[in-house]
Amino acid sequence: MTALPRLLMATALAALPILPAPVAAEDLIVGFTLDADTLDPANHRKRETETVIRNMYDGLLTRDADMLVVPEIAESMTQVSATEYDFKLRPGIRFHDGTEMTAEDVKFTLDRVVLDGGMGDGVTSPRQGLMGPIASVEVTAPDTVRITLKEPWPILPAMLPNQQIVSKAWVEKTGNDGVATAENGTGPFKLAEWRKGDALILERFEDYYGGAADIPPVGKACVDRVIFKIIPESASRVAALLAGEVHIINELPAFSIGQVESNEGTQVMTVNGTRSFFIAMNLEGEYFDDLKVRQAAAMAIDKQLIIDKILEGTASPIDGILSPDAFGASALPKVAHDPEKAMALLAEAGYPDGIDVTLDTEGAFKDTAEALASMLTKAGIRTTVVVGESAQLTDKWRTKGGAKSGDMYFSSWGNGSLDPFDIFTPTHKTNDRGNSAGYANPRLTRCWTAAAVELDVEKRRAMYREAELMINADQPYVYLWVPQDIYGVSKKVTGWQPSADSRINLHDACLN
Amino acid sequence: MTVLLEVSSLRTEFATRAGLVRAVDGVSLRVSRGECLGVVGESGSGKSVTFASVMGLVRPPGKVTGGTIFFDGRDLRDIAPEEMRAIRGRDIAMTMQDALTALNPALTVGEQLGEVLVAHDETLPAGRAARRAAIRDKSVEMLGLVGIPAPETRLRQYPHEFSGGMRQRIMIAIALACRPQLLIADEPTTALDVTIQAQVLELITDIRARLGMAVVLITHDLGVVAEHCDRVMVMYAGQVVEEGPTDQVIGAPRHPYTRGLLASIPRPSLRGQPIRPIMGQVPDLVGLPAQCRFHSRCPLALPSCLVEVPMMAAGPGRRARCLRLEEVAA
Amino acid sequence: MSDAALSLPPADSLFRRNLRDFRRNRLAMASLVVVLVFVVMAVAAPLIAPQDPNETDLFRRLQPPGWMAGGDWAFPFGCDALGRDILSRIIYGARISIFIGLAVIVLATGVGIAAGLAAGYFRGWVDVVISRIVDILLGFPYLIFAIGLMAMMGPGLLNIVLALAYKEWVIPCRVVRGETLAVRELEYVEAARALGAGPRHIMGREILPNILSPVIVVSTIRMAHVIILEASLSFLGLGVQPPTASWGSMVSDGRAFILEAWWVSTFPGLAILLLVLAINVASQGLRDAFDPRFSE
Amino acid sequence: MSLPGFWFGILLIMLFAVHLQILPVSGRIGYDNEVAAITGFLLIDTLLAGDIAAFGDTLRHLILPAITLGLPMTAILMRVTRTSMLEVLRQDYVTFAEAKGLPRRRVLFRHALKNALIPTVSVAAIETGSLLGGNMIVETVFGWPGLGRLVVESIFLRNYPLVQAAVLLYAVTYVLLNFVADILYTVLNPRVKL
């Protein structure tokens with residue numbers, strides 16, 4: 001009976017002298033929302049996973065801080081014809097296991113993503129759709145790879161930074177399961193330990209070739225180790241930053257900006273995001289099949305007020321699906337906030353007493369959805385927010401043409417390439433996977449089939465503007481805003497800045 | 001014989017939801033060294049509470065509110081709790097009615113016996129190992145004294161592994177471990193079979209003789225008193241109603257209650273005669289008027305009995321609390 | 001047939017004495033008053049609440065409580081992220097918390113009594129089946145179980161009640177079974193059986209009234225648990241749907257702001273704590289007074 | 001009892017980690033300590049490795065979550081123990097122990113408490129079972145990769161095989177805990193045999 005407390009006391013006393021354990025100086029620690037699902041660059045569709053992977057794997061191309069596409073593993077890119085691109089590879093790039101990277105590895109990587117069953121065992125990569133109409137990948141010289149497209153696809157360079165190069169020999173040896181839990185990239189850091197759900201510990205790769213020549217400084221990574229520490233709860237993540245336990249946190253809540261700014265030793269860094277928020281209105285539904293009702297909804301919402309008050313000004317309003325930073329974005333006619341006119345429109349549509357509708361959303365956006373709902377309600381569209389789980393909502397709203405049951409859906413779509421290709425088409429093309437409104441416009445389909453293969457940049461830009469204007473007349477969505485990505489960063493960190501594609505590139509980051 | 005314990009005008013009260021209960025109301029008694037005093041009365045007559053008061057073991061809501069308790073020349077009501085603790089178990093020991101509930105089910109017999117020695121025995125050697133050995137030897141000796149076979153192995157056993165009579169012996173062994181001057185045996189036999197009752201009582205009497213200690217035998221069995229006690233004290237409703245040498249009290253009771261008690265015992269000598277139980281019930285102890293408490297059940301009661309009755313001399317060394325004690329004897 | 005006289009011990013006087021005992025327990029009385037205040041608050045919410053609980057105003061977003069700088073006494077406990085009055089939402093939220101607590105307990109106690117009586121009275125395979133179900137259910141973590149059910153059934157007030165009652169009945173069932181086992185052998189039950197009463201009569205009229213008091217006591221204590229469980233479900237986003245205020249969802253909504261605007265989740269959290277504490281203390285007082293095993 | 005845990009946990013973090021900076025905000029162990037995973041329990045592994053510094057570090061990471069999770073249970077166990085202590089103190093054997101003139105400490109702790117702990121142990125076993133299920137909030141707050149969080153996520157993702165496995169694990173753990181409680185019973189109460 002007495003032995004146990006005595007033992008505990010002794011242990012507690014033994015622990016006391018080492019209680020304040022300082023963080024080792026050369027560890028850069030990132031407080032990160034989510035753990036990686038996998039370390040396989042070909043087998044995920046998640047931003048957080050990609051963020052982690054891209055510190056260990058490099059791609060053919062990458063982006064600089066201004067989102068400009070620049071060569072990384074490739075030394076240069078040459079467009080041979082409308083459907084053929086040549087990539088000349090840098091010499092002397094080594095994988096983390098010491099073997100040299102070859103053109104065969106590049107071909108293997110892309111085949112693994114693009115081909116049906118490309119991952120082996122009949123498994124097709126979930127990223128296949130992102131690589132569009134790639135017909136074949138050939139090694140044309142020991143240091144050159146040619147990508148041939150089925151049809152012209154001008155955004156290939158914009159999509160390639162998202163695909164990291166793996167080692168053919170290693171993948172074939174370890175198999176898909178091995179690739180999921182270990183890594184063998186060419187990137188600035190290699191995996192030291194993955195404590196699943198807790199942390200990813202990466203250490204500097206000493207034989208790193210130096211990274212993209214266009215993004216200085218070129219060379220090995222600055223810090224010895226990088227640790228992604230998984231802290232899902234926002235308040236805890238902020239607390240960890242304030243306590244000096246982590247150096248960078250992602251997804252800093254907007255209302256915590258003031259606290260991080262006023263804290264000595266920490267600052268806030270923002271970058272324009274690439275995710276567009278909107279309300280999808282069910283065009284097959286009871287009320288929203290009527291354009292007047294949709295217009296009324298758009299008028300009911302004061303997006304600037306929400307941006308100012310809830311998002312603390314860290315978002316840009318949008319009037320179409322495209323972010324202001326995206327290719328093809330243009331100034332579009334704005335819908336003025338006017339609840340009275342909205343009510344008048346409702347009455348015109350045959351609902352003088354207003355309508356009762358629901359607004360679906362995920363738990364994370366409940367706040368904003370409730371604010372939207374109360375604005376709609378004040379304009380006669382009495383809205384109840386229904387919080388659902390993402391899987392459930394996907395089944396309900398992303399039906400790819402199947403029947404829909406809800407009224408409105410507050411959601412978002414990401415646009416990592418900042419090209420209309422991976423946001424415009426999925427959300428507005430008839431029966432496409434992100435077309436939650438159930439919008440169908442044959443003229444539009446023709447328009448962007450042409451735009452996708454149009455090589456003349458200016459013509460292409462004009463085509464998208466035309467499309468956006470066409471859509472705006474139909475108002476299938478209420479376009480809301482593109483929020484900024486907000487990071488809390490310790491002032492000890494230098495040489496790092498956030499990038500719009502949510503990549504946390506720690507190659508150049510140093511600690512003072 | 002010198003007086004060992006002298007209690008005078010002891011009063012113990014319980015504050016209950018129904019009101020103030022005077023469980024012990026002005027009890028005086030005296031126990032001499034080596035003497036055996038029998039205390040008789042129905043349940044609730046205050047016998048156990050009286051001696052719990054002596055031991056300083058009355059629990060809230062009960063409280064000793066008056067009187068003196070002189071033990072070996074010291075007033076036990078007047079000494080520090082620590083001193084009282086030192087006296088308990090060493091000078092005054094107690095056994096309880098039911099050994100099954102009085103022995104801790106979670107501790108071995110050896111531990112429950114040894115701890116008394118640890119608490120009181122100053123002759124134990126200093127070294128740890130020597131001390132343990134000494135405690136062990138004494139424990140074995142005590143179990144042997146109360147007649148438990150194979151005491152070495154039995155010390156490691158738990159109370160539930162013993163029979164009822166054995167448990168009672170163990171409790172007695174614990175009580176006697178420090179050779180007390182006074183043993184208070186609270187109904188030591190009620191929970192036992194008749195044959196074992198006799199054995200246990202023999203044991204107490206035997207040890208009393210050997211150790212020369214005084215014994216207070218609380219019981220409701222006048223037969224036991226007749227056999228083992230020098231003097232007897234009869235209690236009724238918190239008061240002593242009669243006391244005196246055993247043979248005299250039993251032979252010629254001076255209180256109608258004592259007489260009633262005697263009449264209600266089935267005795268072989270009176271076979272064939274009807275047993276005559278005392279009619280009625282013990283009065284509610286709350287708010288009793290200061291008058292004869294047996295009045296409502298007394299066959300001899302007169303209207304003039306409705307006054308406060310003091311203890312009155314009833315012969316040499318005898319007292320009784322009855323206005324008509326002469327008539328009782330008749 | 002005077003089975004009332006046969007079956008019921010002198011309950012009236014005992015009950016009165018117990019009641020008197022309970023009244024004497026000041027802490028328990030105070031707790032009971034707190035519980036009653038919450039109940040009145042819930043019932044009369046529209047009359048008491050100073051503001052419309054669902055009226056948003058983004059200009060009052062995260063406005064501090066009345067006594068703090070920037071506060072306004074019209075919103076004594078401050079405002080939440082959408083500028084809604086926290087006090088009014090707490091007052092309306094009492095409806096949800098207390099309703100769910102009561103509904104679950106009534107449902108679970110009803111089922112539990114029926115199952116427990118059957119198991120304890122019939123013994124044999126009925127007892128085996130019911131006891132096994134009880135044991136199996138006890139092995140599941142409560143919250144996980146409820147979350148699973150909610151995920152299957154979807155949100156909604158009725159579903160919350162069902163999801164919680166699904167496991168809650170086990171507890172009254174256990175109590176009732178134990179008590180029934182003890183009571184069924186007593187004389188008055190034997191007497192009723194000898195007089196030819198059927199099992200339904202015996203269980204309902206003879207046994208039930210005599211085991212009701214521990215069941216009521218246990219149920220009251222469990223109600224506090226249920227209120228916390230509802231709060232936990234709401235906290236995980238599985239509770240009541242917005243904009244309805246439930247204390248749990250209020251704490252949950254406010255948790256993101258806890259570093260900057262502590263009042264958003266603290267006041268509803270305190271409301272939960274206070275009600276649960278009051279129910280616990282009051283029910284313990286009840287138990288001390290009514291359950292003979294705990295009275296002196 | 002998981003809900004107040006959230007509030008309380010953040011409070012502890014703010015006090016001990018952010019203001020006083022004597023305990024870590026989250027995680028299980030620091031990153032300078034590399035410990036071979038033998039059992040997966042860091043406290044045990046660090047001891048097996050003989051790494052006292054890592055053991056201390058693990059302990060430091062444990063303090064706040066343990067307090068957050070344990071405090072509500074402390075209250076319950078206190079209540080149970082109090083009730084049963086009151087009950088036990090009325091027993092004859094306590095009176096008898098008093099009559100033996102034992103020191104007060106011994107009467108209370110050896111005689112009374114040992115018996116009073118019997119219901120405490122069984123309640124503790126049941127409550128630990130409910131801790132198993134109710135700790136996802138504490139896991140979230142302190143960034144622990146725990147089973148509770150995993151199960152809740154799996155339920156939402158309709159990952160039923162994982163939920164089934166977890167439920168099995170919970171049930172086994174629950175049974176094991178009760179088994180441990182039974183063993184403790186026999187220590188506390190010699191009348192009970194396994």
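How many salt bridges does the rule find across the interface of domain 1 of chain A and domain 2 of chain A? The rule finds zero, a salt bridge being a side-chain nitrogen of Lys or Arg within 4 Å of a carboxyl oxygen of Asp or Glu.

This is a predicted model, in which local features need pLDDT of at least 70 and side-chain atom pairs count only at pLDDT 80 or more, while totals for chains, interfaces and linings use all residues. Residues are numbered from 1 along each chain as its sequence is written, chains are lettered from A, and side-chain values use heavy atoms, without hydrogens and water.

**View 1. The two domains of chain A.** Domain 1 comprises 9-247 + 492-511 and domain 2 comprises 275-484, with bounds from an automatic or database domain assignment. Their C-alpha centres lie 33 Å apart. Each domain contributes 15 residues to the contact (heavy atoms within 4.5 Å).

**View 2. The area buried between domain 1 and domain 2 of chain A.** About 1,100 Å² is buried, 66% of it from carbon and sulfur atoms; this is the accessible area (1.4 Å probe) that two parts lose on being put together, summed over both. Arg47(A), Pro154(A) and Ile155(A) supply 39% of the area buried by domain 1 against domain 2, more than any other three residues.

**View 3. An aromatic pair, Phe410(A) and Trp481(A).** The rings are edge-to-face, at 6.3 Å centre to centre and 65 degrees between the planes; rings of Phe, Tyr and Trp (its six-membered ring) pair if their centres lie within 6.5 Å, and planes over 60 degrees apart count as edge-to-face, under 30 as stacked and the rest as tilted.
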